Amino acid sequence: MIRLFEQHRIRKVRELDGMWDFTMEGFSKGYRMPVPGCWEQHPDFPAHRGKGCYSREVAVEQDGNVRLEFKGVSHTADVFWDGRQVAHHYNAFTPFSTVIQNVEKGVHHIQVYVDNTFGEHSALHIPNDYYTYGGITRPVALESLPDVYIKEMHFTPVCTDGIWNAKVEVALCNLSARTAEAVLDGSLTAWRGNVAGQESAADQRKREEPDGYTMHGAAKIPAGEERTILLEVSCPGVRPWSHQTPDLYFLQTILSVDGRQKDDLIDRVGFRTVEAEGTKLLLNGQPIYLKGFNRHEDYAVEGCAISLQHMVQDMDLMQDMNVNALRTCHYPNDERFLDLCDERGIMVWEENHARGLNLEKMQNPNFEKQCEDCIREMIQNHYNHPSIVIWGILNECASEQPEAREMYRKQYEQIKGLDTTRPATSATCRHFTDICLDLPDVVSFNMYSGWYKNCPIGERNNQEIEWIRRSGGEGKPIIVSELGAAAIYGYRDRSRCKWSEERQADLIRESLEVYMNDENITGVFIWQFADCRVTEEGEWFASRARCHNNKGIVDEYRRPKEAYDVVKEIFAKYGRF
């Protein structure tokens, strides 16, 4: 499953999930591997770093163009169609696609060479406090494309004097050898899934809206070129998206050429605005307080190729603990999980992929280009999700260094060039030395008082807030982007020593009591939802028992620790807004 809803009714799409042939460099035998999947789940490759090849045949029903879409390959992919390379992509956590023209009807061969090795070629996937898996880890699809097709569309809601308006930018591509007269029709209709089983028929009648809103546009598209059509419509009567009422709408565009419908694209959107105003975060003009988790895409028996069932389980557990927000540490997430956040009103901080890099690592010759690609692909592909309320960059990187400051500045500038409708931030751990706090819209800091350093949580927090104000953060919203402590599931000790579930629960309680009662703070994200695997290469294994980051409130099998009930209690107790 690519998304949680149907994206096309005209364009033919075939999902390529299933068993693929597989070979691993240095191994003589062949295998059959699941896609999506991580090769570490196979007994021959439990901690293997190397280069493998996935392959399969596909049948194309008629002559024409096809598009291969990969939602995630970890971490580098080289794609071949009938022996000819058609795509190269770096980064496990952003999707990519390639269009292959003039494909003949018949059976064709796909090969995907996958590399999860570390080295200079990989500036972002390095030995780190989470694991870089290998494989085709997210879904794959094959689409049949007409000569003129819809490439993408971006939906921007605007509220003026209490009336919502929709602005839709639709990119069209012309693969043919002649100019095309393109006509585009758009519609917005309410998605009723979020009220199913929650309201009576009478309540639903009270909230009835107009049948829908329609848009229309046209353009001439020269041969071999791309054009963007802007569609706009006033939408009186729509209900805004929020945590309490996550109302969604289907946005459908239909492309016609020479009077015949040729292509379509459907997305699911919401009407809401997000802004940082003074020290508050505002959703639809009202202050919000974010209370949630950092969550890695990692499950004990699946690696990072998490099934929809386990995504739903994660969401159910987090909502049982009364969260309203989530941080996708430290990379863009599977879009199906973002769809769940849209449906359930979970506000999301999504960030690019760069974690804990010192200046030397940031000066890798591939660093800036790979970050730039990640940010662009993240925003282009996830722009329409109403749940995403903050873009993040460069978690715990070298923000105390002048050379790194320029990299921070460029990345913030890139984000604003792609999206002016959301604030941006970066989580710092460079306490009292960070020189970049004037750059983000929101100041965020990671703090583990009582775990890495035995100091009073309240006193340390006051020092941090005062320093932020003096160092460029005055008058901005402040978020505690990480707090927490580690515990081994099942390890109990009456002395409440470190690594015991009791000690973790105590520190989580004390930290939340301090931060959620501080009027200077507008959100908290616990590190972390679930235990996750870390790389054994490098330095991380030495401070991570079991080669896992054990700060999860549940373990890697989603078994709750004692802190689960503490989080549930305090998140219910302190609503703030």
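Which element gives the largest share of the lining of the largest pocket? The legends below begin with that site.

The model is predicted, so that local features need pLDDT of at least 70 and side-chain atom pairs count only at pLDDT 80 or more, whereas totals for chains, interfaces and linings use all residues. Residues are numbered from 1 along each chain as its sequence is written, and side-chain values use heavy atoms, with hydrogens and water left out.

**View 1. The largest pocket and its lining.** Strand E13 supplies the largest share of this lining, six residues. A pocket is an open set of points on a 1 Å grid over the protein atoms alone, with protein on both sides within 12 Å along at least five of seven lines; lining residues have an atom within 4 Å of a point. The volume is about 740 Å³, taken as the space filled by probe spheres set on the points, which are joined across faces, edges and corners. Of the 31 lining residues, Arg67, Ser97, Lys151, Glu152 and Asn381 lie nearest the centre. Elements giving two or more residues include strand E5 (64–70), strand E13 (148–160) and helix H5 (367–382); helices (H or I, at least four residues) and strands (E, at least two) are DSSP runs numbered from the N terminus. By class, the lining has nine nonpolar, 10 polar and 12 charged residues; Ala, Val, Leu, Ile, Met, Phe, Trp, Tyr, Cys and Pro count as nonpolar, Asp, Glu, Lys and Arg as charged, and the others, Gly among them, as polar.

**View 2. The second largest pocket.** This pocket has a volume of about 570 Å³. Arg355, Glu396, Cys429, Tyr452 and Trp540 lie nearest its centre, among 30 lining residues. The lining divides into 10 nonpolar, 10 polar and 10 charged residues.

**View 3. The largest cavity.** About 70 Å³ of space lies in this cavity, a set of points where a 1.4 Å probe fits but cannot get out. Its lining includes Phe155, Arg272, His385 and Arg422, and comprises four nonpolar, five polar and two charged residues. The model has six cavities of 30 Å³ or more.

**View 4. The largest nonpolar core.** Met362, Phe367 and Val524 have the most contacts inside this core of 81 residues. Such a core joins buried Ala, Val, Leu, Ile, Met, Phe, Trp, Tyr and Cys residues through side-chain atoms within 4.5 Å, buried being under 20% relative accessible area (1.4 Å probe, protein chains only). Helix H9 (residues 563–573) gives the most to the core, with six residues.

Definitions and conventions. Buried < 20%, exposed > 50% of the residue type's maximum accessible area, 1.4 Å probe, protein only.
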